[in-house]
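Please read them with the structure open.

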Amino acid sequence: MDSEANLAYLESLPELRPGETFVFDCNPGVPCFNRCCAELTLPLSPYDVLRLRRQLQMPSEEFVATFVRLHYHEDTGFPMPMLRMLQGPGEPCPFVSQAGCTVYEDRPGACRYYPLGRGASMGRDGVVERFYLVREDHCRGFDVGTARTPAEWYADQDLAGYNRSNDRYMRLMSLVRATGRPLELKLVNMAMLCLFQLDRFRELIGNMKLFDRVEAEDRRELVMGDSLAADEAALDFGMDWLELVVFGTCPTLERKPSPRQESPS
Ligand code: SF4
Ligand code: SF4
């Protein structure tokens, strides 16, 4: 489902105002435990891939080959990795076990949002958020539970990092969408590296000496590090670099002037 179809689907559901509460809990005690972790159409955002790869300590090429079915957004050409369900009876998620989710700390944003749907769109002053309640028939989590507002659910599910990164990604995609044509192939390949293959993007940074070309010396050490914060910084830098390459300008990353521009003629 592309982002517009996803928004149209959400808008067909009951909307929850920011201060409104909903009652829900999901834990190993519910009779439907694990039942929803199968036969999913689950697109992975760049931040989802970042968190899963860090949890699994897996090179990006192996991660993509093992867990991803690669699709592309029709309108922008951006890569859209989908989490590949296991083949066989019930098509379970590759990360589900009898005890629950084996990647729980780093599970994708979609698994955290549920049963909330987050409709985010670009408004004049930034991202506009709306909330919807996704109530599936098989889900018993609504029968008994804690009343929470959407903001309380976000805090409970530790969604701040996901929202921040996904909103930046949405801004980049909406800029490309506004051009009315998808990225050309070499930029699609660049997008794959910058967004979903941070290990290979770091190699590219080294090989192309990218930090010699941009005004970002203060970001170098963290971007090239090895920690969750470093991966987050590398993804931010990747999105900035991609925007700079595609549009020739980016509000959060500037090219250094070329030596010819620096010296008086
Ligand atoms: S990642 Fe975890 S929570 Fe999400 S569908 Fe798979 S097992 Fe379930
Ligand atoms: S169906 Fe609902 S309550 Fe049951 S495990 Fe999934 S999210 Fe939790």
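1. For the counts that follow, Ala, Val, Leu, Ile, Met, Phe, Trp, Tyr, Cys and Pro are taken as nonpolar, Asp, Glu, Lys and Arg as charged, and the others, Gly among them, as polar. The model is a predicted one.

2. Around ligand 1 stand C37, L40, C93, F95, V96, C101, V103, R107, P108 and C111, and this shell comprises nine nonpolar residues, no polar ones and one charged residue.

3. The shell of ligand 2 is made up of C26, V30, C32, F33, N34, R35, C36, Y114, H138, C139, R140 and G141, which by class gives seven nonpolar, three polar and two charged residues.

4. Three strands form an open sheet in the order 1-8-7, and their pairing is antiparallel. Strand 1 (15–16) and strand 7 (116–123) are the edge strands, each with a single partner, so one side of each has no neighbour in the sheet. Strand 7 is joined to strand 8 (residues 126–133) by eight bridges, and S121 is found opposite V128 of strand 8. Across strand 7 and strand 8 lies helix 6 (residues 160–178), which runs at about 50° to strand 7.

5. The protein divides into domain 1 (3–159) and domain 2 (183–247), whose C-alpha centres are 26 Å apart. Their contact draws 12 residues from domain 1 and 13 residues from domain 2. On the domain 1 side, helix 2 (46–56) and strand 4 (79–83) are the elements that give two or more residues, and helix 2 provides the largest share, five residues. By class, that side of domain 1 has eight nonpolar, three polar and one charged residues.

Technical notes: Residues numbered from 1 in each chain as written. Chains lettered and ligands numbered in written order. Predicted model: local features only at pLDDT ≥ 70, side-chain atom pairs only at ≥ 80, totals over all residues. Near = placed C-beta within 6 Å. Pairing = 2+ DSSP bridges. Helix = DSSP H or I, 4+ residues; strand = E, 2+ residues; numbered from the N terminus. Contact = placed C-beta atoms within 7 Å. Axes fitted to C-alpha atoms, helices over the stretch in contact; angles between N-to-C directions. Domains from an automatic or database assignment.
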